[in-house]
Amino acid sequence: MTDLFQQPDDATDLSPDDRKALRQSWITTRADLNKAEAQNILNGAAWARRRRRQPTAILNDEFATKLHKQMFGEVWSWAGKYRDVNTNIGVDHYLISTELPSLFSDAQYWLQHKSYETDELATRLHHRLVSIHPFPNGNGRHSRLMADLLVDRLGGVPFTWGGSSLVEVSELRKSYIAALKAADKHDIEPLLRFVRS
């Protein structure tokens with residue numbers, strides 16, 4: 001049995017207090033949590049894809065928080081709410097409410113002025129969302145879906161993200177984290193390659 005709160009070194013830590021935020025009493029192991037979240041994420045993705053919106057309509061914090069709630073609301077009571085504590089990843093919590101609108105304003109500008117090709121625009125959106133890390137957990141999965149939705153709305157094919165689950169394949173996750181860290185240093189190329197690998 002895997003401890004529910006055991007996390008990879010590069011993931012947002014879960015505390016014993018997080019157990020109180022679980023909506024499902026049957027979740028007692030990491031495998032249970034992964035299963036419940038995976039199903040909830042599928043439901044959230046289906047919800048988002050049913051809403052045929054213009055690309056600009058998804059580039060705002062209202063849509064981002066609704067999407068997070070749809071992806072995690074069946075599992076966690078904090079779904080769709082900004083974190084109110086600092087974590088090992090992301091901006092200080094009090095900066096989230098200014099950093100997210102700034103990101104979406106930038107993304108709308110990039111879109112309007114054709115600053116980047118579709119893949120790079122969505123990859124930059126993904127990277128900045130991960131860097132801000134607005135929610136208590138699920139930020140990587142949320143930002144990957146946001147990027148895929150943007151690519152789809154722009155007429156492209158959603159990213160492959162290495163072709164497997166980043167939660168379960170440790171080597172793939174290491175490559176993803178390395179690409180994110182390169183993007184942190186303003187080298188977006190490894191992340192651009194990874195999203196289509």
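Me: What counts as a helix here?
Reply: Helices are DSSP runs of H or I, at least four residues, numbered from the N terminus. This is a predicted model, where local features need pLDDT of at least 70, side-chain atom pairs count only at pLDDT 80 or more, and totals for chains, interfaces and linings use all residues. Residues are numbered from 1 along each chain as its sequence is written, and side-chain values use heavy atoms, with hydrogens and water left out.

Me: How many residues apart in helix H3 are Glu 62 and Lys 66?
Reply: First the general idea: an α-helix has 3.6 residues a turn, so residues three or four places apart point the same way. In helix H3 (residues 61-72), Glu 62 and Lys 66 are four residues apart, so about one helical turn separates them. Their side chains meet in a salt bridge at 3.4 Å, N to O; the term means a side-chain nitrogen of Lys or Arg within 4 Å of a carboxyl oxygen of Asp or Glu.

Me: Which residue forms a salt bridge with Arg 141?
Reply: That's Glu 37, with the closest N and O atoms 2.6 Å apart. This pair links distant parts of the chain, 104 residues apart: Arg 141 sits in helix H6 and Glu 37 in helix H1 (residues 30-50).

Me: Is Glu 37 buried or exposed?
Reply: Buried means under 20% relative accessible area, exposed over 50%, partly exposed in between (1.4 Å probe, protein chains only). Glu 37 has 4% relative accessibility, so it counts as buried. Lys 66, at 40%, is partly exposed.

Methods. Helix = DSSP H or I, 4+ residues; strand = E, 2+ residues; numbered from the N terminus.
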